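Have the model open as you read.

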Amino acid sequence: MTKAISGFSKLTKEEKINWIASTHFSNAEDATKTIKKYWNSDLELQKLHDEFIENTITNFYLPLGVAPNFLINGKNHTIPFAIEESSVVAAASKSAKYWGTRGGFKTTVLNSEKIGQVHFIFKGNSANLIAFFNQIKSKLFIQTESITKNMQKRGGGILDIELRDKTAELENYYQLHATFETKDSMGANFINSCLEQFAKTLKEEALQSEILSETEKNIEVVMSILSNYVPNCIVRAEVSCPVSELAEKNIENPQEFAEKFIRAVKIAEIEPFRAVTHNKGIMNGIDAVVLATGNDFRAVEAGIHAYASRNRQYSSLSHAKIENNIFTFWLEIPLALGTVGGLTSLHPLVKISLEMLGRPSAHELMQIVAVAGLAQNFAALRSLTTTGIQQGHMKMHLNNIINQFEATENERILIKNHFKENTVSHSAVVAFIEGLRM
């Protein structure tokens, strides 16, 4: 059993690596070489990466791919994807090409309201608390003016503050529920700073209040924190065309395809087991673009999955219909994104990604990200309802299997030629490689 180490964070990077290599690896020299192999030769750039987080020992690479030809609201985009999963970029590119000749993607930001809460315990008469809150509400705004000044210049700031009674769910539990507009920043630090000032004002004003009794004045603030669930920060992305125009090589009967496609979506709307995988496919596209643009994909994931459960059952994020012989496929999702602050101004590849996208505003980035999710979902459902998901996915996965077995260049050619006509599976590829090497 490994002994605990004291003062690890105070060690130099070299000392941390030496301790890790000697403590956890049978071949410390090989482990150290692998760790250092991923260092950047540019010392300043490596220093920048080292300082993103604590106890950094190396860089963990993900491929950064691009999918061109995305026609969004009449404008072409090349979208960056940071992801390791085979076939995601290829599938997105196919969807972009397919819908590029059918009118492209249409998007709209429906709202961009973000949320933060001060959670507190109040033991007393709720009517007194309501009267007290109404009396100090204006002070909550006034005493955050130093925080909100710059945001207000950009057209953002605090939209509203509500007192919410949650005592039916938890004894003596109340909230200050605040809504914000943060413009092109994701706004986490701004929102949390405002909330902490709300909490301070709430407690200070309570102690001076003539409305509250002596026991009621002792308000206990549990925590002050933004919410990553933003059901009023919504973007819509959709594609549509006459059913007859859905025809292509693998869609000989477009009416039959459209009806089968819609049934596949309906299944995801009513069956949670299918909905989870269905939405995971959407998130393949969303997470990859969120990550490439320096945004918080964990926050996005949490908020979107909560939204998928808003009607008390986990359900599909996307929907489809035929009306007046027009096929329409769309999704509406909550997305809290930023294009200023955080990694967006620090990470060189994030800067590259944002410039590639034309330096979008937060609203524009919301639309691009939503399109990436819809495109990924369309590609998956088109495969599932026509040729099957494995045909394309496993062919893309073939390279990973070949690399796993360190195939020579000649072996690669023979393997790829063989599987042009044969079904790709891990066992089939392994058997073929072993046959070559006998």
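Q: What makes Phe378 buried or exposed?
A: Its relative accessible area is 1%, and buried means under 20%, exposed over 50% and partly exposed in between (1.4 Å probe, protein chains only). Phe378 is therefore buried. A word on the source: this is a predicted model, in which local features need pLDDT of at least 70 and side-chain atom pairs count only at pLDDT 80 or more, while totals for chains, interfaces and linings use all residues. Residues are numbered from 1 along each chain as its sequence is written, and side-chain values use heavy atoms, with hydrogens and water left out.

Q: Which aromatic pair does Phe378 form with Phe329, and why is it called tilted?
A: The ring centres lie 6.2 Å apart with 50 degrees between the planes. Rings of Phe, Tyr and Trp (its six-membered ring) pair if their centres lie within 6.5 Å; planes under 30 degrees apart count as stacked, over 60 as edge-to-face and the rest as tilted, so 50 degrees gives a tilted pair.

Q: What does the pair of Phe329 and Phe378 tie together?
A: Phe329 belongs to strand β10 (residues 326–334) and Phe378 to helix α12 (residues 362–384), so the pair joins parts that are 49 residues apart in sequence. Helices (H or I, at least four residues) and strands (E, at least two) are DSSP runs, numbered from the N terminus. Phe329 is buried, at 0% relative accessibility.

Q: Which cluster do ring pairs build here?
A: Tyr98, Trp99, Phe257, Phe261, Phe327, Phe329 and Phe378 are linked into a cluster.

Q: Why are α8 and α12 called roughly perpendicular?
A: Helix α8 (residues 254–270) packs on α12 at about 115 degrees, with the axes 10 Å apart. Axes are lines fitted to C-alpha atoms, for helices over the stretch in contact, and angles run from 0 to 180 degrees between N-to-C directions. Under 35 degrees counts as roughly parallel, over 145 as roughly antiparallel, 65 to 115 as roughly perpendicular and the rest as oblique. The two helices are therefore roughly perpendicular.

Q: Which residues meet where α8 packs on α12?
A: Phe257, Phe261, Ala264 and Val265 in α8 meet Phe378, Leu381 and Arg382 in α12, where contact means heavy atoms within 4.5 Å.

Q: What describes the packing of α8 with helix α9 (residues 272–292)?
A: The angle is about 115 degrees and the axes are 6 Å apart, so α8 and α9 are roughly perpendicular. Ile267, Ala268 and Ile270 in α8 meet Pro272, Arg274, Ala275 and His278 in α9.

Q: Are Tyr38 and Tyr61 buried, exposed or partly exposed, and what are the values?
A: Tyr38 has 36% relative accessibility and is therefore partly exposed. Tyr61, at 49%, is partly exposed.

Q: How do you know that the charged end of Arg310 sits over the ring of Tyr307?
A: That end is 3.8 Å from the ring centre. The rule asks for NZ of Lys or CZ of Arg within 6 Å of the ring centre and within 35 degrees of the ring normal. Lys13 lies over the face of Trp39, at 4.1 Å from the ring centre.
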